[in-house]
Amino acid sequence: MRLEEISAPARLTGIVPGRPVTILAAWMHGANALEVTYRDDSGALGQVVLFRADEARVARHQSTGRPFDADPDDFRLAAEAQRIVLAPVQDPMLAIATSDVRPLPHQIRAVYGEMLPRTPLRFLLADDPGAGKTIMAGLYIKELILREDVRTCLIVAPGGLVEQWQDELGSKFGLEFEILAGAEDLVPARSVFDRKPLLIARMDQVARNPALLAEVERADLDLVVVDEAHRMSASWFGEELTVSKRFALGQLLSEHSRHLLLMTATPHNGKDEDFQTFLSLLDADRFAGLGDKRAFAGVADGLMRRMVKEKLLTLEGRPLFPERIAETVSYRLSDDEQHLYDEVTEYVRNGMNLADRLDGKRRSTVGFALTVLQRRLASSPEAIHRSLQRRAERLDRVRRDLLAGVGPATPNHFDALVSDESAVADEFDASRIESEESELADAATSAQTARELETEIADLLRLEGIAHGVLQTRKDVKWRELRAVIERQILTAESGPPRKLIVFSEHRDTLHYLERRITELIQRPGCVATIHGGLPRPERKRITETFTTDPGVQILVATDAAGEGLNLQAAHLMVNYDLPWNPNRIEQRFGRIHRIGQTEVCRLWNLVAEGTREGDVYLLLLRKIAEQRAAYDGEIFNVLGTSLGNLELSQLLREAIQYGEEPTVRARMQQVIDDGISAGLRELLHEAALASEALVPEDVAEIRDGVQRASEHRVSPDDLREAFITGFQRAGGTVETRGTESPIALNVPPSIRAGNAGAPIARRYSHVAFDVASVGGGALQSDLVAPGHPLFDATMRLTLERYGPLLDRGATFASSALSAPALLMGVLDEVRDATGATVAKQFRYWFVGESYVRTAGPSPFRELVPASSGSGAPPSWVAQREREGLSWIVEHELPRATARVVDQRRLEYERIRTRVVDRLSREIERLARAATDADSNASIGRHVRVSGETLRRRAEELAQRRVRRLSLLDLQLTMSPIAPRLTAVALVLPG
């Protein structure tokens, strides 16, 4: 074909090997060169320069050459594989159908109404605790993976939650995430995110490790999810922003991710300027600079969704969460118990005073050990007796070692445990904290010589004797209070399903003590289960399952290891036998039963000993909360889940133990508690003001309708099963059936395992299912083989590799519903913005007849049969009708589909533009005024913290950022469809 004959819109072969292209533009350069711009059938654009020597290989594409002679069964298999691969384009809620979850209205609205329509996503999900934010994140992640919008995903969470994330994403969504081990996961010249595209990392591990931070800085991540994101904090002091290492990590993740999802139940610490700085992680331009002392209404519009428990509904329109009631049960120690308490407290006080004279870390270590001992004293006679016994034995070994010339007298490997208790609670799981606290309480001492150790050991033996005497009396007042709850709520409960009770203790010795006493009380073997940090995580999950399903197991006694990722809503009654020194843990414990799925009124009893130093502090705290809750008609119940104005309760309790007899100290403690509760209340009210979202029955009905509409376009489980098994067996796989109702087993051939691009594929699957309803649970839980599962996806890819070319070749079918021949065309539409990013896709089948074009439904091949073998050559009108069908879609359907996308996106992005311009302009003006003031002060000799020159430079940087951001917004607001892509063509004859 001569160069002069090449022009738009010709369809040519020979320009791109193996496939035709459409010429968009062509112009000559001199007499012997032609520059060509073209588009292939996938929508990709290209340019090439052709010379006279290329004329021999360029020819017109013969559209009439489509023979429609592919084997109909092979064609149907390829078409079904293509429909399944494109299922996310047809089914907007595919992740729901392919995950083991039953999402609730507020979760569906968050994922499908708030998050997925925003691309790229910058969003803060701030629903109340227990609303199922992990489920929402899992649905969002899986939808983006199914839509091939995400390959690399990093989840950043506190260390104590990473295993929970891994378990939930694996068991509920079939997503195989790995946990980042640390620097040992890094290898030279290759990113960890390339090797492990689905990764979970501990927040502080990354924030404090330069090598891991450098890895993030080099990365280009598709999606980052941050759990407990409020820990990424920063505060303003004058003109300077003081950032934590966690906030700096948040900034880095924001810069190097396309989608960013922050999650927290406590987004607001009571200071509007800090809240806006936190939001700058989502949009640094919209929240640049110091911001307002009082945030204006709608400050987080389009960036944040917050719903409170009271406003959540089920799919039936009923309140999701039942009422919850917390009571403080105060009691006084018996005379013997009070004597033991006073003696041990005096020992602890003296030890603390001696520790204050020590230097450096040893002082903190010894002080921390003594507080652990004091907490065990408050726990039970058993706990303090065993602790005193172990401590005396351990210190005696240390004394003997010292006499033999071996040291040191105090362990020195507990720095992380005692240096930052809040960080410990974030990054260590309860089992590690339990283990290290126990070892530390037994060993740390201020004694430095053998003689000092002898004196301390004598004290311990004396105290152990007192504790033993109290234990032998079996007159434990605290146990008596628990027994009363059990008798009233469990043993004498009304008829109906057995009630279940959870008892939380801080210490394993108390846990075993209570297990014995409760078993003696109920007199039924197996009625009590226990969970503590010494049990492996799978064993904790097994015990939880037994407690949930076995009506004979009515009481669970647990340490905080049961508060980590275990759902215990089978119970609705709870007792805090020991109150934690971190008040947030009370809310976390209550949240184990007051969560989604709970149908009964939840009740909590907090046991507190009056007349003890730590007990009196807690009574002040709990009574103050009860007063505030009453003042707000019971609406404010989560004060303990806030920061309490940064109230350090553990420090307050230590002061009470050491100096609690001093009136000035007691008065100051009361004031600190009052201030903390007031700050927590302000924080809740600020968050309530942010929670503008609410569900009403009409919203729930609309969501139900949306789910139903999505299911109408869904590939059915039967279709998934048929397409998968056919492709699997053709690839050499073998299928073992075990009856019509039972799952089947699969033996996977090498050809499928070799084609895997994601998580590993096993050689054999013993139990598989193709729909969520058949997955089951327990030991017989099946693998859900559906879109998103690596075996399913690899099988579909291999099927398309082998049979996909037949979709272009065409096949001939017959339909009794047609009176004249027609074409059946699969067409993929796409809308892109001016940055080249895909904004929306749509896939449909169309029937194209002589005088009509109409949709063919989501699965038209169900109604078609192979045409008779004597159908002959395809009609001459086929090529023309194909062009006419595509032209009709471009003229009539594409504008409607594009308008829907453009209208929705334009509203969102115009709002962003307004907010960005307003914020940056105000901050530039503020910096200009501050620069003038700084110059004036400097001219008269006053000290200025930031020079006028520095402030003007910052203003200029913001002005440049404004220009860049507005240019980007212009590109994002410029949206247009690309030419429809024909993915499959079949000839359908009457019959």
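Just after helix α20, Q523 takes a positive phi of about 60 degrees. Helices (H or I, at least four residues) and strands (E, at least two) are DSSP runs, numbered from the N terminus. The model is predicted: local features need pLDDT of at least 70, side-chain atom pairs count only at pLDDT 80 or more, and totals for chains, interfaces and linings use all residues. Residues are numbered from 1 along each chain as its sequence is written, and side-chain values use heavy atoms, with hydrogens and water left out.

- Helix α20 covers residues 508-522 and reaches 21 Å from its first C-alpha to its last, close to the 21 Å expected at 1.5 Å a residue; the expected span is 1.5 Å times one less than the number of residues.
- Among the buried residues of α20 are L511, L514, R517 and I518; buried means under 20% relative accessible area, exposed over 50%, and partly exposed in between, with a 1.4 Å probe and protein chains only.
- Helix α29 (residues 790-803) has 14 residues and should span 20 Å, which agrees with the 20 Å between its end C-alpha atoms.
- The buried residues of α29 include P790, F792, M796 and Y803.
- Those buried residues pack against several elements, including α1 (72-85), α27 (717-730) and β23 (764-769); contact means heavy atoms within 4.5 Å.

**Nonpolar cores**

- A nonpolar core is a set of buried Ala, Val, Leu, Ile, Met, Phe, Trp, Tyr and Cys residues joined through side-chain atoms within 4.5 Å.
- In the largest nonpolar core, which has 73 residues, L261 and F724 touch the most other members.
- Helix α5 (residues 133-146) gives the most to this core, with 8 residues.
- A second, separate core of 59 residues includes L377, A467, F504 and Y618.
- Leaving aside residues up to four places away in sequence, F724 touches L746, F770, V785, L791, F792, T795 and M796.

**The open sheet**

- Seven strands form an open sheet in the order β8-β9-β7-β10-β13-β6-β14, with parallel pairing; two strands pair if DSSP finds at least two bridges between them.
- The edge strands, β8 (178-179) and β14 (304-305), each pair on one side only.
- β8 pairs with β9 (residues 198-202) in the parallel sense over 2 bridges, and E178 stands opposite L199 in β9.

**A buried loop residue**

- D91 is found in the loop between α2 (87-90) and α3 (94-97).
- D91 counts as buried because its relative accessibility is 0%.
- Not counting residues up to four places away in sequence, D91 touches A710, H713 and R714.
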